[in-house]
Amino acid sequence: MKTLNIDTIKNNKGIVANVVAAFAIKGAGMIVSLLSMPLYLNYFKDNMILGVWFTILTVVNWILSFDVGIGNGLRNHLTTALAHKDYAEGKKLTSSGCFVLGIVTVIFSVIVFTAVPLVNWNSMFNVAETVVTRELLATCIGITLVGILVSFFLHIIRGILFALQLASVNNLLHLVTNILLIAFLFLEPSAESVEDKLYTISIAYAIIINIPYVIATLHVFCFTEMKHCLPSFKAVSKKASNAVLGLGISFFFVQIMYMIITVTNEWFISKFFSPEYCVDYQVYFRLFSLISSLLMLAMSPLWSAITKAYAQKRYQWIIKLQRVLYAIAFGCIAIQCLLIPVLQPVINVWLKENAITVNYLTASYFLLYGVVSIWIAIQSTVVAGLGKLKTQLWFYVFAAIFKIVVIVTASHYTNDWSVVVLATGLGLLPYCIVQPIYVNKSLKELELKNQDNE
């Protein structure tokens, strides 16, 4: 009979601590998220302009998904190196990851700032020049892009924090960023014109999103075991770069597909319907995404823990963990369903005079999307930890194509923007069915093979 050793107990305690911290931080994040919506409405006092701002954030944040999977590739390989206290390998991986990501950042910067003046952003966002001038919109996008490109490089610290089993710190960084944005919205004078507001918030956003990551980077390389892995040009190696990029490329394509499926909703709504509908979308989305967002943050520390268990061939531990995660998922889905009956009263209390009237058909689409997101949070944690992404990639390709075809076709026959949400949920359903079958089969095969070798 196998017994738990000290390291296993410590690892489990670390996982529990990270999950508890994730829930606590997300609890605070939920409050901040709920506070931000009425502040945004009061700040702009124009749903069309607010919809434009939400769409700008959606488009420029796409860039964060184009790190060629380097952050995730580094995360998995660095987790293994640190598990074996191989700081020399850790230094090579970190240096190579930063070097490659630096090159990608420079290339993206050149492409982006060459393209910005050439694109008709008013046409892309479906907003008339009488609402926002072409020059102002291009300027705001350019400013926001500067902040995003800096953040693009700094986000490599997220992969390092995950490898250190400090997922809760990543959650904290996101929370601090949102608190700073809330503070800006609360303190910013309201006497400016709408155009000035859009310009000012672009500058504030570009600065605020990077402050927590600069501080986190300095702390990690000065006060954790990563001080032994401080990046240097001398430590950059072709082997380490290929190791990070090899797995990273798979993560990259998965990220791109997931981006097309989930983080393009505001753009599709703006382009094929109207930017002002993005405000209604945000109201529904912020409520129905609370549970799935909470779950995804709680799952964050488990990704690296699964990678570590996989490297140590503790397959039975992963199987048992998966069963627990399924039970948690079903509980979260039940809670999600309970939101429907109280949706209108909740929105009335939350937004007061700015409250929207609930369309329960639209709410049902968001419920479907929320349920799918909860199930995917569980599946993605396991497959990412194992590094087995092929099934996920192909079903994400299907979901992306399905979504685009449905939205483009439906937009010719209806002005109902909620079709975007419905297409997203339906497109992901096949993946939700097939992925757990594949994962269960793979884990059982690994466990049987491990038992035969003992």
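**A helix pair and a salt bridge**

1. Helix α13 (residues 277-288) packs with helix α16 (residues 343-351) at an angle of about 110 degrees, and their axes are 12 Å apart. Helices here are DSSP runs of H or I with at least four residues, numbered from the N terminus. Axes are lines fitted to C-alpha atoms over the stretch in contact, and angles run from 0 to 180 degrees between N-to-C directions.

2. A word on the source: this is a predicted model, where local features need pLDDT of at least 70 and side-chain atom pairs count only at pLDDT 80 or more, while totals for chains, interfaces and linings use all residues. Residues are numbered from 1 along each chain as its sequence is written, and side-chain values use heavy atoms, with hydrogens and water left out.

3. The two helices, α13 and α16, are therefore roughly perpendicular to each other (angles of 65 to 115 degrees count as such).

4. Now look at who meets whom: V283, Y284, R286, L287 and F288 in α13 meet L343, V346, I347, W350 and L351 in α16 (contact means heavy atoms within 4.5 Å). Nine of the residues in this contact are nonpolar, none is polar and one is charged.

5. Which side chains meet in a salt bridge? Those of E225 and K85 do, at 3.8 Å, N to O (the rule asks for a side-chain nitrogen of Lys or Arg within 4 Å of a carboxyl oxygen of Asp or Glu). E225 lies in the loop between α10 (211-223) and α11 (238-262), and K85 in the loop between α3 (70-83) and α4 (87-115), so the pair ties together parts 140 residues apart in sequence.

6. E225 counts as partly exposed, because its relative accessibility is 26%. K85, at 54%, counts as exposed (buried is under 20% relative accessible area, exposed over 50%, partly exposed in between, with a 1.4 Å probe and protein chains only).

Technical notes: Angles under 35 degrees count as roughly parallel, over 145 as roughly antiparallel, 65 to 115 as roughly perpendicular and the rest as oblique. Ala, Val, Leu, Ile, Met, Phe, Trp, Tyr, Cys and Pro count as nonpolar, Asp, Glu, Lys and Arg as charged, and the others, Gly among them, as polar.
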